[in-house]
Amino acid sequence: MSIHRALYSDKHMRCPPTPGAVEFLEVAHGKGIPCCLVTSASDDDAHAWLQHSGFAKFFEGVISGSCVGKKKPHPEPYLMGAEQIALAPSECIALEDSASGISAALSAGCRTFSVGDVKDARITTFPSLKEAATHLLYD
């Protein structure tokens, strides 16, 4: 492991979860909704963060930047994520916080929403994951 990789990983281990993430994932998990993390981070960083944060138990799949031939904004990561949890992309909800992620999810055919400051006229933006959970997970 390089010094850069060690410093980069350590920095991300200290990042707090996005506000509302714990509640969103707990509700989804409680309802039996399969979740797949689709990230541009390396496989090592993604799995280390999931273990460190305690979120690994909420995800049935992980597609990292290391797993794909073409990264976001290409749809490949989301297509692989849907396949990993045995759903058609049209059955998946993608929550994104980046323009490239939004493009990838839309191109894959996922129902796509943004969370936070990233806006895209093609989709609904929720101010936080708490609001996303209220609208997407509760009947």
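1. Ala-86 has a relative accessibility of 68% and therefore counts as exposed, where buried means under 20% relative accessible area, exposed over 50%, and partly exposed in between, with a 1.4 Å probe and protein chains only. Although Ala-86 is not a glycine, its phi is positive, about 60 degrees, and the residue sits in the loop that joins α4 to β3. The model is a predicted one, in which local features need pLDDT of at least 70 and side-chain atom pairs count only at pLDDT 80 or more, whereas totals for chains, interfaces and linings use all residues. Residues are numbered from 1 along each chain as its sequence is written, and side-chain values rest on heavy atoms, with hydrogens and water left out.

2. On the overall layout, the chain has six helices and five strands, and along the sequence they follow the pattern α-α-β-α-β-α-β-α-β-β-α. Helices (H or I, at least four residues) and strands (E, at least two) are DSSP runs, numbered from the N terminus. Of the 139 residues in the chain, 38% are buried. Among contacts (heavy atoms within 4.5 Å) between residues at least 6 apart in sequence, 49% join residues at least 24 apart.

3. Which residues of α4 are buried? They are Pro-77, Tyr-78, Gly-81 and Ala-82. These residues lie on the same side of α4, because they cover an arc of only 130 degrees around the axis, the arc being that of the directions from the helix axis to the C-beta atoms. The elements that cover the buried residues of α4 include β1, β2, β3 and α5 (99-108).

4. Leu-79, also in helix α4, has a relative accessibility of 38% and so counts as partly exposed. Once neighbours within four places in sequence are left aside, Leu-79 is in contact with Pro-89 and Ala-108. The C-alpha atoms of Leu-79 and Ala-108 are separated by 5.8 Å, although the two residues are 29 apart along the chain.

5. For α3, the buried residues are Asp-45, Ala-46 and Leu-50. Viewed down the axis of α3, they fall within an arc of 130 degrees, so they line one face of the helix. Asp-44, Gln-51 and His-52 are exposed on the other side of α3. The helix is followed by Gly-54, whose phi is positive, near 85 degrees.

6. One further backbone feature deserves a look: the peptide bond from Lys-72 to Pro-73 is cis, with omega near 20 degrees. Pro-73 belongs to the loop between β2 (61-63) and α4.

7. How many aromatic pairs does a search of the whole structure find? It finds three, where rings of Phe, Tyr and Trp (its six-membered ring) pair if their centres lie within 6.5 Å, and planes under 30 degrees apart count as stacked, over 60 as edge-to-face and the rest as tilted. The pair of Trp-49 and Phe-55 is edge-to-face, because the ring centres are 5.4 Å apart and the planes stand at 85 degrees. Phe-113 and Phe-126 form a tilted pair, 5.5 Å centre to centre with 35 degrees between the planes. This pair links distant parts of the chain, with Phe-113 in strand β4 (residues 111-115) and Phe-126 in strand β5 (residues 124-126), 13 residues apart. Both Phe-113 and Phe-126 are buried. Trp-49, Phe-55 and Phe-58 form one aromatic cluster, and within it Phe-55, at 5% relative accessibility, counts as buried.

8. The largest pocket holds about 1,400 Å³ of space. Among its 43 lining residues, the closest to the centre are Cys-36, Leu-37, Val-38, Phe-59 and Leu-95. The elements that give two or more residues to this lining are α1 (3-13), α2 (21-30), β1 (36-38), α3 (43-53), α4 (76-84), β3 (93-96) and α6 (129-136). By class, the lining has 32 nonpolar, six polar and five charged residues, with Ala, Val, Leu, Ile, Met, Phe, Trp, Tyr, Cys and Pro counted as nonpolar, Asp, Glu, Lys and Arg as charged, and the others, Gly among them, as polar. On a 1 Å grid over the protein atoms alone, a pocket is an open set of points where a 1.4 Å probe fits, with protein on both sides within 12 Å along at least five of seven lines, and lining residues have an atom within 4 Å of a point. Grid points are joined across faces, edges and corners, and the volume is the space filled by probe spheres set on the points.
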